[in-house]
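Colleague: I am new to this structure and would like to learn how to read it. Could you walk me through some of its features?

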Amino acid sequence: MEKSMGATNAKVINHIPEDLAFSILSKLPLKSLKRFGCVRRSWALLFENLHFLNMYRNYFISNNHSYYDGTSILLNQTNNPLSGEAFHSTLYLLSGERFENMVKLDWPPPFHEDDSFIEILSKTSVNGTLCLAQKNGMDLKCLFWNPTTDEFKIIPSSPFLYQSPYMEPTVDFNGFGYDHVRDDYKVLRWLCFFNITGVEVPWEDYLYVDPMWEIYSLRSNSWTKLDIEMPASASNEKLHVDGVCHWWSIHDDINCYDSPPRLVSFDLCNEVFLTTHLSSDMIDPLNILHLTLLNGFIAFIIYDQTTTFHIRILGELGVKESWTKVFILEPLPSIEHPIGAGRKGEIFFRKDDDELVWFDLSTQMIEELGVKGREHCCHIVIYKDSLLPIGGF
């Protein structure tokens, strides 16, 4: 009986028209699709089949992910001033089918006197709240801000920052997000200490000089030291998706620069981390990596000194084989750096003349935004407005 059933199933599979099979498979979650490779040899090579790949791309672009319902686009841009002029960070709200409407937003009051190099800690808002940070030497500012209501809450200083008169901290903000288990908003950062005096440091001060991780809780309004050794971020590209903060790193677990690039994911609920290595064909000394959220997927835009951009999306955390190449954009003349992704498959770039543009994956067309941006200082943020108070409690 079992043999008969097996033979029947094999006949059914063999008689499914290829177009119908591809149509069904192209709509499956990437994680499931990867696992179905063991059902049939040809299914293990689906992304090498141009016909299937085109079907998958079309569905990928047209499928409106619920994550983006009711969202808008924010552009955080730092100017490229002429000699003697000051740096200023400017925040724009982009709207319209072609992003033709651009409204400048005012930063909250703590940044009115100095609006230089303001960082938004995630490429997505959390229940209408953004986390802003600014590092000017020893002066650190970090706060929660709701642009819709203009409410803000300043995050207090950490007791771990200045524990020795001989040591100065370097602070790297690695993430901001929501702990749904405790209904709490958290900020994660890494501290590294350096001797700034040039004199020999007393041995007892070395108790505090090891790099350390700390996490802020809005509910307790306090910072806590994390007993964890975790790779720190190698860029200012950070994501928050469903209670997990993501960044990419070239550090090992004790933060030495001797590790190939990998994705680091920190669970804000359990306060543990997971690394996802990149597949071997994603790693090249000449490659530049840009981490973003594309249609709900964690994605890398990979490029070198050419104008060709490869887009990989991740099917499953912790599984490097689940990185999947879905798009190759070539050539894109004068394009230098990606700065983020929009809601419907739009990718934003900076050109070699500092003009900011967006590329439509559906039409393959490029259009200018009408604003310029400084290298490494332009970022796209997906924002969903909310009238709830910060923290909701």
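**Reading a covered strand**

Modeller: Let's start with β22, where Glu-355, Val-357 and Phe-359 point one way, Leu-356, Trp-358 and Asp-360 point the other way, and all are buried. Before going on, note that this is a predicted model, in which local features need pLDDT of at least 70 and side-chain atom pairs count only at pLDDT 80 or more, while totals for chains, interfaces and linings use all residues. Residues are numbered from 1 along each chain as its sequence is written, and side-chain values use heavy atoms, with hydrogens and water left out.

Colleague: What do "buried" and "strand" mean here?

Modeller: Buried means under 20% relative accessible area, exposed means over 50%, and partly exposed lies in between (1.4 Å probe, protein chains only). Strands (E, at least two residues) and helices (H or I, at least four) are DSSP runs, numbered from the N terminus.

Colleague: Which strands pair with β22, and in what sense?

Modeller: As a general idea, strands of a sheet pair through backbone hydrogen bonds, either parallel or antiparallel. Two strands count as paired if DSSP finds at least two bridges between them. Here β21 (residues 346-351) runs antiparallel to β22, joined by 5 bridges, and Glu-346 stands opposite Asp-360. With β23 (residues 366-372), β22 pairs in the antiparallel sense over 4 bridges; Phe-359 has Ile-366 as its bridge partner there.

Colleague: How many residues lie between the strands in these hairpins?

Modeller: The hairpin of β21 and β22 has 3 residues between the strands, and Asp-354 takes a positive phi near 75°. The hairpin of β22 and β23 has 5 residues between them, with a positive phi of about 65° at Gln-364 in the turn.

**Reading a positive phi**

Colleague: Since you mention β4 and β5, which strands form their sheet, and in what order?

Modeller: The order is β4-β5-β6-β7, an open sheet of 4 strands with antiparallel pairing. β4 and β7 (151-154) stand at the edges with a single partner strand each, so one side of each has no neighbour in the sheet. Between β4 and β5 there are 2 bridges, and Glu-119 stands opposite Ala-133 in β5.

**Reading a helix face**

Colleague: How do I read a helix such as α4?

Modeller: Begin with the span: the expected value is 1.5 Å times one less than the number of residues. Helix α4 (residues 50-62) has 13 residues and reaches 18 Å from its first C-alpha to its last, close to the 18 Å expected. Next, look for its buried residues, which are Phe-52, Leu-53, Tyr-56, Arg-57, Phe-60 and Ile-61. Seen down the axis, they fall within an arc of 160°, so they line one face of α4. The arc is that of the directions from the helix axis to the C-beta atoms.

Colleague: What do the buried residues of α4 pack against?

Modeller: Contact means heavy atoms within 4.5 Å. The partners include α2 (18-25), α3 (30-35), β17 (297-303) and β18 (309-314). In α2, the buried residues are Ala-21, Phe-22 and Leu-25. They cover an arc of only 95° around the axis, which puts them on the same side of α2, and they pack against α3 and α4.

Colleague: And what about β18?

Modeller: In β18, 5 of 6 residues are buried. It pairs with β17 in the antiparallel sense over 5 bridges, with Ala-299 and Ile-313 as bridge partners. β18 and β19 also pair in the antiparallel sense, over 6 bridges.
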